[in-house]
Every structure is written in structure tokens, then in C-alpha cells.
Amino acid sequence: MDGPTILALAVGYLLGSIPFGLLLTWAAGKGDIREIGSGNIGATNVLRTGSRGLAAATLVLDAVKGAVSVIIAQRFWPDAINFAAAGVLIGHLYPVWLKFRGGKGVATLLGILVPLFWQAAVVYAVLWVGLLILLRISSVAGMVAAASAPVAAAILGEVAIFPLLLGFALLVIWKHRENIRRLLRGAEPRVGKKA
């Protein structure tokens with residue numbers, strides 16, 4: 001790897017590893033989000049604290065860090081954009097500060113898509129929000145949205161980023177493996193219900 005690639009990857013990882021859900025709930029006096037509900041640091045679990053505002057802020061900030069990482073790379077290291085995108089998602093999923101136990105990447109992947117491939121971001125957002133409203137099962141909405149990114153790339157002819165988006169989708173689905181087990185048992189909680 002050359003210098004720009006390493007920098008893009010490192011900056012992406014450091015931004016991605018900022019645990020906004022943990023920091024916001026702690027600052028708001030809600031305790032350690034890792035000891036609430038599923039123990040995840042993402043917006044869905046933050047919602048289980050009873051604060052919609054904190055959950056919304058977590059979602060937005062997790063998406064923003066994805067977008068910012070790609071935008072920085074577009075400005076300074078245009079040949080290493082994919083590495084910045086990979087760095088920020090991996091940083092969110094596996095932050096070194098939290099012993100590599102991070103979020104599930106749904107909001108961060110949406111943020112990555114906005115500057116990287118906005119058409120896929122639109123499809124992603126519509127599916128995510130639509131399924132969330134319809135089913136009220138966050139994991140299903142998130143996994144379907146993530147899977148839509150490589151499908152959109154294939155349909156719209158974005159061959160160059162198809163492998164990257166496929167890898168991202170598989171990572172997000174992998175992080176939902178416990179949710180998949182609960183879905184198969186019929187035990188997956190719906191949004192709005194306390195775990």
C-alpha cells in the first residue's frame with residue numbers, strides 16, 4: 001500500500017471507530033449502552049433507553065462519519081476512496097477502543113453511499129425506512145437495505161464498486177447473525193418494544 005491509501009484507510013477507521021451511541025447515552029446520563037437491551041452501540045439499541053432524540057442523533061452521526069470519510073478521501077486521496085469507505089465501516093463494526101465490539105453498520109453504510117453512489121443511497125434509504133415502518137423489525141429493514149447496495153450497483157452498471165458494496169453488505173449481514181437466529185425463532189423484538 002502507498003501513503004495515500006494508508007492515510008485514507010487510517011482516517012476512515014479512526015472516524016468509524018467513534019462510538020457515538022455510547023458517548024451520547026453516557027453524556028445524557030443514561031448509563032452504558034452496552035448494558036442495555038442487546039448491548040449494541042447503534043441507534044436501535046439507543047432507542048431502548050427511551051430517548052428518541054438520542055437514537056436519532058446516533059443514527060445521524062453514524063451516517064455522517066461514513067459520508068465524511070468518503071468526502072475527505074475524494075478531496076485528498078481520490079485514488080483511495082474505496083479504502084476510506086472500507087476503513088470507516090470496519091472502524092464502526094470493530095472499534096479498537098471497545099475491544100472490537102461495535103455497531104452493525106446500517107447507518108454508516110448509508111452515509112458512505114451518499115457521496116460514493118447517491119442513487120444506491122436513495123434506494124437504500126427508501127427500503128430501510130419503508131420496511132421499518134411496515135414491519136417494525138429493525139434488523140430486517142437494515143439487512144435488506146444493505147443488500148440493496150450491490151444490487152443497485154449491478155443494475156446501474158457500477159461494476160467498479162460492485163465488489164466493494166457486496167463485501168459491505170455481507171459484513172452488515174454477518175453483524176446481524178444473532179438477529180437472524182432470533183428471527184428464525186420468532187423472537188426478534190420490534191422497534192418500540194423494550195428488550
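A residue is called buried under 20% relative accessible area, exposed over 50% and partly exposed in between, with a 1.4 Å probe and protein chains only. By this scale R34, at 40% relative accessibility, counts as partly exposed, and D32, at 22% relative accessibility, counts as partly exposed as well.

The model is predicted, so local features need pLDDT of at least 70 and side-chain atom pairs count only at pLDDT 80 or more, whereas totals for chains, interfaces and linings use all residues. Residues are numbered from 1 along each chain as its sequence is written, and side-chain values use heavy atoms, with hydrogens and water left out.

**Salt bridges**

A salt bridge is taken as a side-chain nitrogen of Lys or Arg within 4 Å of a carboxyl oxygen of Asp or Glu, and a search of the whole structure finds 4 of them.

| Pair | N to O distance |
|---|---|
| D32 and R34 | 2.9 Å |
| R181 and E178 | 2.4 Å |
| R182 and E188 | 2.7 Å |

R181 and E178 are 3 residues apart in helix α10 (residues 177–185) and are therefore separated by about one helical turn; helices here are DSSP runs (H or I, at least four residues), numbered from the N terminus.

**Cores and helix α4**

A nonpolar core is a set of buried Ala, Val, Leu, Ile, Met, Phe, Trp, Tyr and Cys residues joined through side-chain atoms within 4.5 Å. The largest has 36 residues, of which I112, L113, Y124, W128, L165 and F168 touch the most other members. At least two residues of this core come from each of α4 (52–76), α5 (81–93), α6 (106–116), α7 (118–135), α8 (138–155) and α9 (162–175). Apart from it lies another core, of 7 residues, including I33, I41, L54 and L98.

Beyond its neighbours within four places in sequence, I112 is in contact (heavy atoms within 4.5 Å) with G66, A67, V70, A85, V88, L89 and F168. G66, A67 and V70 are among the buried residues of α4, and the buried residues of this helix pack against α1 (3–16), α2 (20–27), α3 (43–47), α5 and α6.

V96 is placed in the loop between α5 and α6, and with a relative accessible area of 39% V96 is partly exposed.
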